[in-house]
Amino acid sequence: MPLIYFLPPLATVLIWSGNMTINQLTVGAIAPSSIAFLRWLLALLVLTPFVLPAAWRHRAEIRREWPKLALLGLLGMGLWQGLAYVAAQTTSATNMGILAAMVPLLTVLLSALILREAPTIGGVMGGVLAFFGVTVLLGQGNPLSLLRLEVSPGDALMVVAATCYALYGVMLKRWQMGLPPWVMLYAQVCFAVLFLLPPYLIGPMTPVDSHNIGLIVYAGIPASIITTFLWMRAVRQIGASQASIFINLMPLFSAVIAMVFLAERLAAFHLIGGFLILAGVIMAQRLTQPFKQTLAARGVKRAQQ
């Protein structure tokens, strides 16, 4: 496989990791409700001249599938990104990057529950390992502190946000709609803007100025439009499974970017928790033999003995 095929997913994950630092930079510069709304409004304005004609041609299909498109917009753009901005108020970019890397694993687990896909060996074993890694990270090196509910609100919100995005991916797979990818994205962005409008109006409504315009532009164009184009290209060239492996690089990229731009320091619990989570995610992706099939094979082998 040509190495150039790996550039789109690598660039996508790098931009996503940079957005974790952007989330931190928004603290004090712009309210979470403001940037969550303005970034998707900007994306909508940029996409409209190019995608609206195609969306109009597919208006009958959009009208028929609007409840599904609305839920996808809420999960993948409204809650995933909105909760991340709120989480940035009380957690670090490093933690956000590590917890965001749970998305592939959570997708495996939710697929087993919703799509009735048989859980794999890696899904079960990796899930246990990653869960322990999460307890190390959330407990800042002491998992037992979770029993006393000593969890950063931001870390807890990132777990919820990652679950929302994993559910978005599962429902996207379950609902096969006859819409072109860009039209489907455009419809979801429209619904996301509608969902994010009430929190924006309720406030606090931060005015756009020289201190936050760059944050909005980065979040609205590179982290929303460009990453979508690159990710669709990556999935088309190397496949969804291979592309998703690159998400495992988010903790590394996020930590390096945060160290350079935010002067964040890595603690031992970051390394231990991040390693366990990544190991669990990789295990879930690589060990794909169905768990039930493995148990059945062992039962047959014992019977033969």
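Biologist: Which residues in H2 and H9 meet?

Modeller: This is a predicted model. On the H2 side, Ile-35, Leu-38, Arg-39, Leu-42 and Ala-43 take part, and they meet Leu-215, Ile-216, Val-217, Ala-219 and Gly-220 in H9.

Biologist: At what angle do the axes of H2 and H9 cross?

Modeller: The axes of helix H2 (residues 32-57) and helix H9 (residues 213-220) cross at roughly 60° and come within 8 Å. That angle makes H2 oblique to H9.

Biologist: And is the crossing of H2 and H9 left-handed or right-handed?

Modeller: The crossing of these two helices, H2 and H9, is right-handed.

Biologist: What about H4 and H12, at what angle do they pack?

Modeller: Helix H4 (residues 93-100) packs with helix H12 (residues 250-261) at an angle of about 170°, and their axes are 8 Å apart. Angles over 145 degrees count as roughly antiparallel, and H4 and H12 are therefore roughly antiparallel to each other.

Biologist: Which residues of H4 and H12 make that contact?

Modeller: H4 contributes Ala-93, Thr-94, Gly-97, Ile-98 and Ala-100, while H12 contributes Met-250, Pro-251, Ser-254, Ala-255 and Ala-258.

Biologist: Ile-98 has come up; now to Ile-277. Which residues does Ile-277 touch?

Modeller: Leaving aside residues up to four places away in sequence, Ile-277 touches Ile-98, Met-102, Ala-130, Gly-133, Val-134 and Leu-137. Ile-277 itself lies in helix H13 (residues 268-286).

Biologist: How far apart are Ile-277 and Ala-130, in sequence and in space?

Modeller: They are 147 residues apart in sequence, yet 4.0 Å apart in space from C-alpha to C-alpha.

Biologist: Is Ile-277 buried or exposed?

Modeller: Ile-277 has a relative accessible area of 0%, so this residue is buried.

Biologist: On to the rings. How many aromatic pairs are there?

Modeller: The count comes to six aromatic pairs. In the pair of Trp-16 and Trp-231, the ring centres are 5.2 Å apart and the planes are at 45°, so the pair is tilted.

Biologist: Where in the chain are Trp-16 and Trp-231?

Modeller: Trp-16 is in helix H1 (residues 7-25) and Trp-231 is in helix H10 (residues 222-238), so the pair, 215 residues apart, links distant parts of the chain. Trp-16 and Trp-231 are both buried.

Biologist: Which residues form an aromatic cluster?

Modeller: Trp-80, Tyr-165 and Tyr-168 form one aromatic cluster.

Biologist: Lastly, what sits over the ring of Trp-56?

Modeller: The charged end of Arg-59 does, 4.2 Å from the centre of the Trp-56 ring.

Technical notes:
Residues are numbered from 1 along each chain as its sequence is written. This is a predicted model: local features need pLDDT of at least 70, side-chain atom pairs count only at pLDDT 80 or more; totals for chains, interfaces and linings use all residues. Side-chain values use heavy atoms; hydrogens and water are left out. Rings of Phe, Tyr and Trp (its six-membered ring) pair if their centres lie within 6.5 Å; planes under 30 degrees apart count as stacked, over 60 as edge-to-face and the rest as tilted. Helices (H or I, at least four residues) and strands (E, at least two) are DSSP runs, numbered from the N terminus. Buried means under 20% relative accessible area, exposed over 50%, partly exposed in between (1.4 Å probe, protein chains only). A charge sits over a ring if NZ of Lys or CZ of Arg is within 6 Å of the ring centre and within 35 degrees of the ring normal. Contact means heavy atoms within 4.5 Å. Axes are lines fitted to C-alpha atoms, for helices over the stretch in contact, and angles run from 0 to 180 degrees between N-to-C directions. Angles under 35 degrees count as roughly parallel, over 145 as roughly antiparallel, 65 to 115 as roughly perpendicular and the rest as oblique. A crossing is left-handed if the near helix is turned anticlockwise from the far one by less than a right angle, and right-handed if clockwise.
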